[in-house]
Amino acid sequence: MKSLLATLALTTALTLPGLAAARPVTMTTTLTQYGGDGAYLALYVTDAAGAYVGSLWMAGEKSKYYEHLSDWYRATGGDPAEINGITGASVGAGRTLEITLDLADALFDAGYTLHIDAAVEEMRDSPNEIAVPLTAAGAGTAVPGRRYIASFTYE
Amino acid sequence: MIRALHRWPGLVALIFVTVLALSGASLSVFPAAERLAAPRHVAGQNLADLAARVVATHPGLEEIRRSPSGTITAWWFEGGTPGSAVIDPATGLDVGSADPNPVERWLTNLHRSLFLDDAGRLAMAAGAAAMLVLALSGAALIARRTGGWRRWFAPVRGPVAGRLHVEIARVAVFGLALSAATALWMTASTFDLLPDGAQHPADPAAVSGQMQFPVDRMAALQDVPVESLRKLSFPYEGDARDMFTLSTDMGTGLIDQGTGEMLSWADLSPWQQVSETIYILHTGQGAAVLGLILGLIALTVPVMGATGALIWVAGRRGRPRLRDNASAGRAQTVILVGSEGGSTWGFAATLAQALRGAGQAVHIAPMAAFDPARHPRAERFLILAATYGEGDAPASARGFLDRLARLATPPNAPLAVLGFGDRSFPAFCAFAAEVEAAARAKGWATLLPMDMVDRQSPQDFARWGRALGDAFGLTLELDHQPARPVADSLTLISRCDYGEAVQAPTTILRFALPEVSLWARLTGRGFTRFQAGDLIGILPEGSAVPRFYSLASGNRDGFVEIVVKKHPGGLCSGQLLALEPGDSVRAFLRRNAGFHAGQGRAPLILIGAGTGIGPLAGIIRANARRRPVQLFFGMRHPDSDFLYRDDLAVWQAARRLSRLSTAVSRGARPHYVQDALRAEAAQVAEAIRQGAKVMVCGGRDMAQGVAQAMQDILAPMGMTPAMLKAGGRYVEDVY
């Protein structure tokens with residue numbers, strides 16, 4: 001567990017590319033026209049037992065609002081160290097967020113699940129908007145979200 | 001200092017603050033509209049009942065929210081599609097869309113961030129800070145202008161722009177300060193600068209693991225009235241470990257979906273409660289009426305901005321641009337200016353130019369900024385000071401005497417004081433004299449004894465310049481052409497002649513009101529607003545020096561009236577008495593607030609002789625409120641110079657004049673106005689006891705005689721004319 005976390009941290013630190021046991025993965029999240037302000041999105045990984053492993057990306061820069069990403073918040077306690085260096089702007093309705101990360105090979109086909117929590121001001125919080133198992137075969141397959149995410153793919 | 005604190009944020013932030021105010025005012029309508037549109041709440045309904053109704057109509061329910069305005073919104077996920085709607089709490093049925101109003105959202109984003117995210121938020125917060133500074137400094141200025149915080153609502157006078165600015169501000173300043181202060185709090189909260197983050201209930205050690213407990217029987221929900229609900233989130237469908245999350249106006253809790261029991265609870269922190277109250281005060285969400293009031297107040301901001309800018313422009317107009325002003329530290333000669341209307345700056349500029357021509361480094365500054373430590377190389381200080389009102393410091397010299405008094409030692413460089421004023425006023429150069437006296441008392445070396453310039457006389461100024469030059473070995477020729485006031489052309493409508501038989505030709509001249517532009521009206525220039533007792537400056541042909549006459553009418557009368565007596569050899573009075581209807585003269589207005597009748601119901605005692613009746617007649621004509629007025633009028637002979645005789649009869653019949661006493665000076669037994677006053681001593685004393693105001697207008701001798709008579713009348717009451725003067729109840733217009 002500890003070593004895996006370390007791997008994640010390393011892989012998400014994009015200043016250290018070219019790790020032998022890692023591959024670049026592009027994640028594309030397209031939002032629906034939900035008719036509200038920009039959405040906060042938390043991308044994170046849980047293991048086969050459902051326990052939080054680490055965060056991949058945080059779209060939205062005001063830590064005050066992270067509590068509305070309720071599953072992620074409950075898992076991390078809102079610890080800013082979890083998303084240090086991997087935050088960006090919130091994503092507007094109908095827009096697409098595309099991020100490329102070096103992910104450890106060990107994360108694939110090993111029971112890990114990628115989650116996205118979403119929240120929009122004045123609208124319903126949507127934890128676990130996306131929950132998709134990380135598999136080599138699943139790459140390139142678009143998955144719809146529940147409320148705010150039109151489609152999510154990784155490849 | 002306060003004025004600068006008010007002016008600069010005001011001008012710089014005008015645009016930001018206007019955007020903030022207009023968008024805020026528009027937003028203030030939404031809570032009220034939502035309040036009106038929200039379905040009626042059900043009295044006594046608890047949350048369990050509401051949740052059960054909504055669940056019945058919306059399987060897959062995920063969340064119920066109640067807005068501060070009372071609107072209930074539900075969010076669900078059913079058959080793979082999300083849904084949401086506004087709910088009627090009585091039936092659980094949909095009554096409208098839950099999507100945010102796009103207009104409100106657009107306005108909100110404009111209002112808080114100019115669509116620029118954090119940079120915009122900071123800019124708008126700076127706007128709010130400017131608004132707060134403006135509100136607080138403005139309040140201090142109002143208190144200063146009205147004469148203290150307890151006189152907050154005392155009437156103000158002056159040009160329209162200035163009055164409008166103050167009249168609106170007196171009410172609006174409270175709302176604007178509230179909106180601005182709450183905005184800053186909310187910004188601080190958004191940027192996480194306040195410890196008002198949400199409190200989270202602790203995760204329970206264990207959950208029942210059961211599901212399907214009926215919502216309407218959940219104890220934790222039955223205890224919650226719908227009015228206190230914020231948000232109820234349902235557990236994930238099929239996840240037995242998940243819980244209900246309930247937020248109310250008291251705090252947040254977690255509820256077991258298998259038992260309906262509260263597992264864990266966290267109260268709102270005091271900081272959160274304060275932040276929520278501030279949110280309500282700022283947005284009106286949950287306090288719609290307050291929101292509308294604040295919105296209306298916000299609408300005054302553009303008006304305040306426009307009138308404020310006009311005030312600033314009007315204030316700058318008088319002050320010439322200072323060219324080649326040497327730095328404070330380098331200056332050999334330091335000229336300090338105390339000016340109210342701005343004309344003294346013109347003299348200072350002429351003086352500075354002449355000194356520079358003689359090779360001097362000259363620094364000009366307002367007296368209010370006096371600080372000798374800033375002028376280490378100063379060889380001499382020159383103070384040019386006008387006087388405001390009854391001997392007060394003019395605007396640019398406020399605080400000078402305090403600054404002088406605080407100095408441990410006087411400056412080394414010697415001082416010359418030049419006073420500016422008008423000899424026809426009792427407090428001629430009184431402030432300059434006070435400065436001179438204070439400087440001498442401090443031991444400040446004298447360069448020249450104090451001198452005075454009467455009515456902007458170029459001759460007086462040139463004479464002082466030569467004396468100044470002699471004092472430090474220069475030839476100084478000061479050739480100052482005072483900027484002529486912008487004069488209007490007044491056309492005579494009618495004249496009414498008196499006094500030929502007593503060798504004192506006198507006439508009442510009535511001129512048409514000149515056309516006034518909108519700009520002049522807004523800035524209070526020209527013949528826009530005046531009343532009896534104000535002065536009119538007439539520019540006779542062949543002279544640049546104006547002659548002043550007291551006005552016998554106000555702008556509401558629709559004409560400009562003065563009373564003129566021919567002086568032997570008098571240039572101006574000769575020209576005026578030669579006017580025929582249709583002829584015109586050049587004239588400008590000068591306010592004379594010290595000789596206004598003022599508001600109030602207290603009696604007026606008006607005393608005048610000869611042409612001095614002019615402003616008094618105007619005051620009586622304007623006395624529509626039937627204030628008790630007693631007039632004492634002295635003339636030479638009733639058949640010859642009984643000015644306003646017919647008018648006075650009409651006004652007396654209309655009760656605009658309560659009592660008329662005349663004194664006739666020609667005849668077997670000469671009788672003067674002060675004699676008439678003594679004859680009515682009991683009557684006058686009684687009026688004074690009732691708070692009467694005494695107004696005296698006429699020649700110097702008459703005024704002295706009247707003051708003596710009043711002294712005698714007041715003495716038995718233990719009062720003096722000086723005491724009445726100090727209270728503004730004894731005013732004179734003497735020439």
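In this predicted model, 13 residues of chain B are in contact with eleven residues of chain A, a contact being a pair of residues whose C-beta atoms, placed from the backbone, lie within 7 Å. On the chain B side, at least two residues each come from β1 (61–66), β2 (72–78) and β3 (81–87). Helices (H or I, at least four residues) and strands (E, at least two) are DSSP runs here, numbered from the N terminus. By type, the residues of chain B that touch chain A split into five nonpolar, three polar and five charged. For that tally Ala, Val, Leu, Ile, Met, Phe, Trp, Tyr, Cys and Pro count as nonpolar, Asp, Glu, Lys and Arg as charged, and the others, Gly among them, as polar.

A word on bookkeeping: residues are numbered from 1 along each chain as its sequence is written, while chains are lettered from A and ligands numbered from 1 in the order in which they are written. Since the model is a predicted one, local features need pLDDT of at least 70 and side-chain atom pairs count only at pLDDT 80 or more, whereas totals for chains, interfaces and linings use all residues.

Now for chain B as a whole. Its secondary structure comes to 22 helices and 24 strands. Of its 735 residues, 40% count as buried, that is, with 20 or more other C-beta atoms within 10 Å of their own; 12 or fewer makes a residue exposed, and anything in between partly exposed, with C-beta atoms placed from the backbone. Take the contacts in chain B between residues at least 6 apart in sequence, and 71% of them join residues at least 24 apart.

A run of strands in chain B deserves a look. Two strands count as paired if DSSP finds at least two bridges between them. Strand β5 (residues 229–233) pairs with β6 in the antiparallel sense over four bridges, and B:L229 stands opposite B:T248 in β6(B). Next, β6(B) and β7(B) pair, again antiparallel, over five bridges, forming a hairpin with two residues between them. Strand β7 (residues 251–256) is mostly covered, five of its six residues being buried. Then β7(B) and strand β8 (residues 262–267) pair in the antiparallel sense over five bridges. B:G253 of this stretch is the bridge partner of B:L246 and also stands opposite B:W265 in β8(B). In the hairpin of β7(B) and β8(B), with five residues between the strands, B:G260 takes a positive phi near 75 degrees.

B:S247 sits in strand β6 (residues 243–248) of chain B, opposite B:T252 in β7(B). B:S247 counts as partly exposed because 19 other C-beta atoms lie within 10 Å. Setting aside neighbours within four places in sequence, B:S247 is in contact with B:R230, B:K231 and B:T252. The C-alpha atoms of B:S247 and B:R65 are separated by 9.2 Å, with the two residues 182 apart along the chain.

Helix α8 (residues 270–283) of chain B has 14 residues, which should span 20 Å at 1.5 Å a residue; its end C-alpha atoms are 20 Å apart, so the two agree. The expected span is 1.5 Å times one less than the number of residues. Buried in α8(B) are B:S275, B:I278, B:L281, B:H282 and B:T283, and their cover includes α2 (29–37), α6 (160–190) and α9 (288–298) of chain B. Just after α8(B), B:G284 takes a positive phi of about 75 degrees.

Notes. Two residues are in contact if their C-beta atoms, placed from the backbone, lie within 7 Å.
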